[in-house]
Amino acid sequence: MKARIRKLATFVEETRSEMGRAIEPPTRRAAAVAVIENPCAGKYVEDLSELMDIGEELGELLTERAVAALGIAPTTAESYGKAAAVGENGEIEHAAAILHPKLGTPVRRVLGKGAALIPSSKKRGGMGVALDIPLGHKDAAFVRSHFDGMEVRINDAPRANEIMVAVAVTDSGRPLARVGGLTKDKIKGEDGLR
Amino acid sequence: MPEVRVRKILTTVEEVFHEGGPPPSTPLRRAAALAVIHNPFAGRYVADIAGFMDDLKPLGLDMAKALITALGGTSRSIEGYGKGAIVGAAGELEHGALWHVPGGYAMREVLGGAKAIVASTKKVGGPGTRLDVPITHINASYVRSHFDAMEVGIADAPGADEMVLALVMTTGPRVHARVGGLQASEIKGEDGLR
């Protein structure tokens, strides 16, 4: 592996009730996070292809971990998202290099499908920074019930020369979704949007 | 006593490969289970609360079993543990103390007679409050290599009338433990201390 991983973490959140109403079955979402060394920290590096390759590796590893944490068949995943936090000796472009060029293909391969854009966020920050991973339906970005976000943080990451990379996967939308819009049973699944 | 109303469960697993030093042959794994429950005593002083400890026992067992599953499925791999509670703003610290007995009982039960006292901490706080849950060896509190802590928290909990209850387990010593003291191999295992 090109990525030099210091730590892997998974988070599984299961919501059983909201505003006093039972959620049956509970909504569940998982995030898998890797804390890696940033090979480009502390200097300007023009060619970021090493980070792009790391993104490809982590796309597969983190998606597999998130799905395993949910304990579901990969093809039954409903929404996804990705995010990265770069330590203070890196640049925001390093997060972009990991997330955008190559990370998505293995995510979609693991899940079987994924016509929609994978929503993403990125930031630079210190240890314990909160990463809000945006979530959207994997086959149709306009499914309103699945617009969501999941906060993750690791108290000792990212160190100055590290990057924290996260992939989130769910088997459901928001707990009491009721603001209309496209619903998942109406997905056409042709263009990734509707 | 009141029923236990669970709003949300968060399970976190960390796999630590190294912290800048030589990676151990087996990575350290740490897991936390957090339950967000309604605080039945919020908003007023209730003198007689102790009966709620029995009500919490099934939840404790569920969480302890979930931790063992998250850490590989066998209680033999568990070497450290800890517990904690965060009480929402409309509750009192004493409500968090209700977790001592059921939380500790649950972990001993699933670990088959762990001898050491379960290290613990608690506080009153708002949503997103972080708690550093202390960790010690399950059979001998003085094992220095296993003194550890895991930071936990949930962005949207505890609400004012809620409590976050936490259990933590680990599979081994700190990843580069080297400050001497009692070793796990030297445990007598008679008094839970050494």
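In chain A, helix α1 (residues 49-70) and helix α2 (residues 92-99) cross at roughly 50 degrees, and their axes come within 6 Å. This angle makes α1(A) oblique to α2(A), because angles under 35 degrees count as roughly parallel and those from 65 to 115 as roughly perpendicular. The crossing in which α1(A) passes α2(A) is right-handed. On the side of α1(A), the contact is made by A:L51, A:M52, A:I54 and A:G55, and on the side of α2(A) by A:H94, A:A97, A:I98 and A:L99. Sorted by class, the residues of this contact are 6 nonpolar and 2 polar, with no charged residue. The model described here is predicted.

## A helix pair in chain B

Helix α1 (residues 52-70) of chain B packs against helix α3 (residues 100-111) of chain B at an angle of about 45 degrees, and the two axes are 8 Å apart. The helices α1(B) and α3(B) are therefore oblique to each other, and their crossing is right-handed.

Which residues of α1(B) meet α3(B)? They are B:M53, B:L56, B:K57, B:G60, B:L61, B:M63, B:A64, B:K65 and B:I68. Their counterparts in α3(B) are B:V101, B:P102, B:G103, B:Y105, B:A106, B:M107, B:E109 and B:V110. The residues of this contact divide into 12 nonpolar, 2 polar and 3 charged. The table sets out the two helix pairs.

| Helix pair | Crossing angle | Axis separation |
|---|---|---|
| α1(A) and α2(A) | roughly 50 degrees | within 6 Å |
| α1(B) and α3(B) | about 45 degrees | 8 Å |

## Where the chains meet

The contact between the chains takes 15 residues from chain A and 17 residues from chain B. On the side of chain A, the largest share, 13 residues, comes from strand β1 (residues 5-18) of chain A. By class, that side has 5 nonpolar, 4 polar and 6 charged residues.

Strand β1(A) is also paired across the contact: 9 bridges join β1(A) to strand β1 (residues 6-16) of chain B, and the two strands run antiparallel. As one example, A:E13 has B:L10 in β1(B) as its bridge partner.

## Backbone features of chain A

The loop between β1 and β2 of chain A holds A:M19. This residue has a positive phi of about 50 degrees, although A:M19 is not a glycine. Is A:M19 buried or exposed? A:M19 counts as exposed because it has 7 C-beta neighbours inside 10 Å, and a residue is exposed if 12 or fewer such atoms lie within that distance.

Two peptide bonds in chain A are described next. The bond from A:E24 to A:P25 is cis, with omega near -5 degrees, and A:P25 lies in strand β2 (residues 21-37) of chain A. The bond from A:A157 to A:P158 is likewise cis, with omega near -5 degrees. Here the proline, A:P158, lies in the loop between β6 (148-152) and β7 (162-170) of chain A.

## Strands of chain B

Strand β5 (residues 131-137) of chain B is joined to β6(B) by 5 bridges, and these strands run antiparallel. Within this pairing, B:L131 stands opposite B:V152, and B:P134 stands opposite B:A149. Strand β5(B) also pairs with strand β3 (residues 80-87) of chain B, in the antiparallel sense over 2 bridges. In that pairing, B:G80 has B:H137 as its bridge partner. Strand β5(B) is mostly covered, with 5 of its 7 residues buried.

## A loop proline in chain B

B:P40 lies in the loop between β2 (28-38) and α1 of chain B. With 18 other C-beta atoms within 10 Å, B:P40 is partly exposed. When neighbours within four places in sequence are left aside, B:P40 is in contact with B:P2 and B:F52. B:P40 and B:M163 are 123 residues apart in sequence, while their C-alpha atoms are 9.5 Å apart in space.

Key: Residues numbered from 1 in each chain as written. Chains lettered and ligands numbered in written order. Predicted model: local features only at pLDDT ≥ 70, side-chain atom pairs only at ≥ 80, totals over all residues. Axes fitted to C-alpha atoms, helices over the stretch in contact; angles between N-to-C directions. Helix = DSSP H or I, 4+ residues; strand = E, 2+ residues; numbered from the N terminus. Parallel < 35°, antiparallel > 145°, perpendicular 65-115°, else oblique. Left-handed = near helix turned anticlockwise from the far one by under 90°. Contact = placed C-beta atoms within 7 Å. Nonpolar A, V, L, I, M, F, W, Y, C, P; charged D, E, K, R; others polar. Pairing = 2+ DSSP bridges. Buried ≥ 20, exposed ≤ 12 C-beta atoms within 10 Å, placed from the backbone.
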